[in-house]
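Hello,

Here is the structure I promised to pass on to you. Have a look at it first, and then read my notes below.

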Amino acid sequence: MVYATRGLVDVLLGLASDADPSAVTTGLSVTPARELTGVGADDLSPETPVFTDFFLPDPGNSVNAVFGVDLSTPARQIQGRFVSHPVGELEVSKKDDLAQVVFVAVPPWERDEDSFGVFDRAGTRQPLEVVDAVPPRETLS
């Protein structure tokens with residue numbers, strides 16, 4: 001089972017919709033359930049990783065565009081990846097930047113099983129539970 005916050009899923013779908021007809025790819029990170037507040041957080045084991053955050057996509061990164069290497073975000077901070085397929089299937093493709101967990105979205109950019117899914121690196125669909133919890137507020141100071 002893969003867990004993600006409703007807020008993260010909604011933001012990812014918004015990014016994909018705004019970028020359409022271009023594709024979006026970005027790294028995702030997790031927060032342990034014990035650090036979350038809101039509906040659903042108490043139902044999870046405290047150590048359960050929940051996808052909560054994304055890194056802003058950098059469409060101008062030519063190294064990433066050519067070689068598929070993201071130099072802006074340390075790999076150890078990314079536990080997953082989000083990709084959108086404006087013209088494609090709800091599946092992991094050979095062109096996608098892969099991670100252990102890959103979230104994929106396709107039009108019409110809705111939060112349903114036909115438009116949004118989670119896959120492992122091999123492309124096998126994984127069960128997703130969306131929780132109405134929020135991560136702790138972070139500041140830059």
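Pro108 lies in the loop between E6 and E7, where helices (H or I, at least four residues) and strands (E, at least two) are DSSP runs, numbered from the N terminus. Before going on, please note that this is a predicted model: local features need pLDDT of at least 70, side-chain atom pairs count only at pLDDT 80 or more, and totals for chains, interfaces and linings use all residues. Residues are numbered from 1 along each chain as its sequence is written, and side-chain values use heavy atoms, with hydrogens and water left out.

**The loop between E6 and E7**

The peptide bond that joins Pro107 and Pro108 is cis, and its omega is about 15 degrees. Trp109 belongs to the loop between E6 and E7. Although Trp109 is not a glycine, it has a positive phi of about 60 degrees. Is Trp109 buried or exposed? With a relative accessibility of 11%, Trp109 counts as buried; buried means under 20% relative accessible area, exposed over 50%, and partly exposed in between (1.4 Å probe, protein chains only).

Glu113 is also found in the loop between strand E6 (101-105) and strand E7 (116-120). Glu113 is exposed, and its relative accessible area is 66%. On the surface, Glu110, Asp112, Glu113 and Asp114 gather in a patch of negative charge. Patches are made of residues with over 30% relative accessible area and no salt bridge, with like charges joined within 9 Å and nonpolar side chains (Val, Leu, Ile, Met, Phe, Trp, Tyr) within 5 Å. A salt bridge here is a side-chain nitrogen of Lys or Arg within 4 Å of a carboxyl oxygen of Asp or Glu.

**Another cis bond**

Which loop holds Pro21? Pro21 lies between helix H1 (6-19) and strand E2 (25-32). The peptide bond from Asp20 to Pro21 is cis, with omega near 20 degrees.

**The sheet**

Eight strands form an open sheet with mixed pairing, in the order E8-E7-E6-E5-E2-E4-E1-E9. Strand E8 (125-126) and strand E9 (128-131) stand at the edges with a single partner strand each, so one side of each has no neighbour in the sheet. Two strands pair if DSSP finds at least two bridges between them.

E2 and strand E4 (residues 49-54) are antiparallel and pair over five bridges. Leu28 has Phe54 in E4 as its bridge partner, Ser29 has Asp53 in E4, and Val30 stands opposite Phe51 in E4. E2 is also joined to strand E5 (residues 80-84) by four bridges, and these strands run antiparallel. There, Gly27 stands opposite Arg81 in E5.

How do strand E1 (residues 2-5) and E4 pair, parallel or antiparallel? They pair in the parallel sense, over two bridges, and the bridge partner of Tyr3 in E4 is Val50.

Finally, look for Phe119 in strand E7. Phe119 is buried, with a relative accessible area of 4%. The C-alpha atoms of Phe119 and Arg81 are separated by 10.0 Å, and the two residues are 38 residues apart along the chain.

Enjoy exploring!

Best wishes

How values were computed: Areas by Shrake-Rupley, 256 points an atom, 1.4 Å probe, with all protein chains shown as cover. Lys, Arg positive; Asp, Glu negative; His and termini not counted. Charge placed at Lys NZ, Arg CZ, Asp CG, Glu CD.
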